[in-house]
Amino acid sequence: MKMIIAILHEQDTDPVSHALTASDYRVTVIASTGGFLRKGVSTMLIGVADEQVDPALALIRKSIVTPSTPNSTRATIFVIKVDEFTQF
């Protein structure tokens with residue numbers, strides 16, 4: 001299992017969230033600021049099976065608004081191995 005942590009511009013949050021949930025991914029969105037993109041951002045936590053990582057990343061890329069300035073960053077994404085997962 002993997003955890004995808006996607007830090008996105010606020011304007012990309014809804015399109016990405018809707019695309020992921022429409023494809024049956026579970027998404028937790030946290031409003032955040034600062035660091036990587038230096039503006040209002042959202043952090044998405046997406047738990048996926050190993051084989052779902054590439055399709056989920058493809059959906060995220062497809063749903064992000066095309067940058068208005070060349071070489072601008074629209075998202076920062078981390079994929080982390082999950083050793084244990086428990087639900088109550």
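In this predicted model, four strands form an open sheet in the order E2-E3-E1-E4, and their pairing is antiparallel. The edges of the sheet are taken by strand E2 (27–33) and strand E4 (75–81), each of which has a single partner strand, so one side of each is left without a neighbour in the sheet. On average, and with direction ignored, neighbouring strands of this sheet are turned by 20 degrees against each other.

**Pairing of E1 with E3**
- Strand E1 (residues 2–9) and strand E3 (residues 40–48) run antiparallel and are joined by eight bridges.
- Within this pairing, Ile 4 stands opposite Ile 46 in E3, while His 9 has Val 41 in E3 as its bridge partner.

**Pairing of E2 with E3**
- Strands E2 and E3 are paired over seven bridges, in the antiparallel sense.
- Ser 32 stands opposite Val 41 in E3, and Val 41 is also the bridge partner of His 9.

**Helices on the sheet**
- Helix H1 (residues 10–22) lies across E1, E2 and E3, and its direction runs at about 20 degrees to E3.
- Helix H2 (residues 53–63) packs on the sheet, where it touches E1, E3 and E4, and the direction of this helix makes about 5 degrees with that of E1.

Note on methods:
Residues numbered from 1 in each chain as written. Predicted model: local features only at pLDDT ≥ 70, side-chain atom pairs only at ≥ 80, totals over all residues. Heavy atoms only, no water. Pairing = 2+ DSSP bridges. Helix = DSSP H or I, 4+ residues; strand = E, 2+ residues; numbered from the N terminus. Axes fitted to C-alpha atoms, helices over the stretch in contact; angles between N-to-C directions. Contact = heavy atoms within 4.5 Å.
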